[in-house]
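The stops below can be selected one after another.

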Amino acid sequence: MIMREKKEKQEKAYKKKPAILRKRQPNRSRIGDFFVYLFLLLVAVVMVIPLVFAISNALKPLDELFRFPPKFFAQNPTLDNFQDLFVTMGKSWVSFSRYVFNTVFITAVGTFGHLIIASMGAFVLAKYDFPGGKLFFKIVVTALMFNYYVTAIPNYLIISKLGWVDTYWAIIVPAFAAPMGLFLMKQFMEGLPMSLIEAAKIDGANEWKVFRSIVMPNVKPAWLTLIIFSVQGLWNNKAATFIYSEEKKTLVYALQQIQSGGVARTGQAAAVTVVVMIVPILIFILSESQILETMASSGLKD
């Protein structure tokens, strides 16, 4: 009797909860779940194989790198390739730390500026109607269709006229205006309830406080995704088109010069592959859980 009353109270409390807080009951069978997880497992294996193979190659000694047929995993793993890479970089007349600083500076400033400008522009386009707003967004969507090679010559002419050739700004400023970030943030902000913004204004918040304290926390999945794409693009940018001074070149450019050193540097080339891809992968791993968590809890609708 007591158990029945307790169960009835729990059912009543459950019904009183908002629909968004109720636990959704999956309508799939166990067999369906099994095939879904099996498919996801196969996709994960296919995606992780190139990463594991690259790391395995970087740990192989030279004799295993030239062995035929090649082995997937290193039989005698060693860090000699990484040591040789750092020795080679240390012999350059520009220090290794300088290349790292150039890349980190360009990546950090470019990503931060892109995030701020894209977020502020998307907020205005998504939540306010003004003359020319829809036309401007159509131009942004059209710009998504043009890749780097189409816009390379106009970009170079503009950068040259501004006197930014052979400076960091030749890479940083174009990153601010990348259309992908504005498109992504605008589409996500359109799902944000206008009632939140209006309530904040009624409480006395100005536009900047609304943007900083209301809008940005609720679109966290979007700007975390934007950071991942921006870091990946800037970190892997060789900047060879605009930067000519060796002391301003990026780490990726210097590492790829080592990669082109011929057969004698095959082991170092394998190590370069791991060094180049490690930072974007770490950024994604550190942000992935937060993206999934905020996506699951930010389904607000008017």
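This is a predicted model: local features need pLDDT of at least 70, side-chain atom pairs count only at pLDDT 80 or more; totals for chains, interfaces and linings use all residues.

Residues are numbered from 1 along each chain as its sequence is written, and side-chain values use heavy atoms, with hydrogens and water left out.

Select Y148, N155, P174, A178 and P179 to begin: of the 41 residues lining the largest pocket, these lie nearest its centre. A pocket here is an open set of points on a 1 Å grid over the protein atoms alone, where a 1.4 Å probe fits, with protein on both sides within 12 Å along at least five of seven lines; lining residues have an atom within 4 Å of a point. The volume is about 1400 Å³, taken as the space filled by probe spheres set on the points, which are joined across faces, edges and corners.

Next, colour α7 (148–162), which gives the largest share of this lining, 8 residues. Helices are DSSP runs (H or I, at least four residues), numbered from the N terminus. By class, the lining has 31 nonpolar, 9 polar and 1 charged residues. Ala, Val, Leu, Ile, Met, Phe, Trp, Tyr, Cys and Pro count as nonpolar, Asp, Glu, Lys and Arg as charged, and the others, Gly among them, as polar.

Now move to the second largest pocket, with a volume of about 230 Å³. Select L40, V43, A44, M47, V48, P50, L51, M277 and I281, which line it. Two or more of these residues come from each of α2 (30–58) and α14 (266–297), and α2 has the largest share, 7 residues. The lining of this second pocket has 9 nonpolar residues, no polar and no charged ones.
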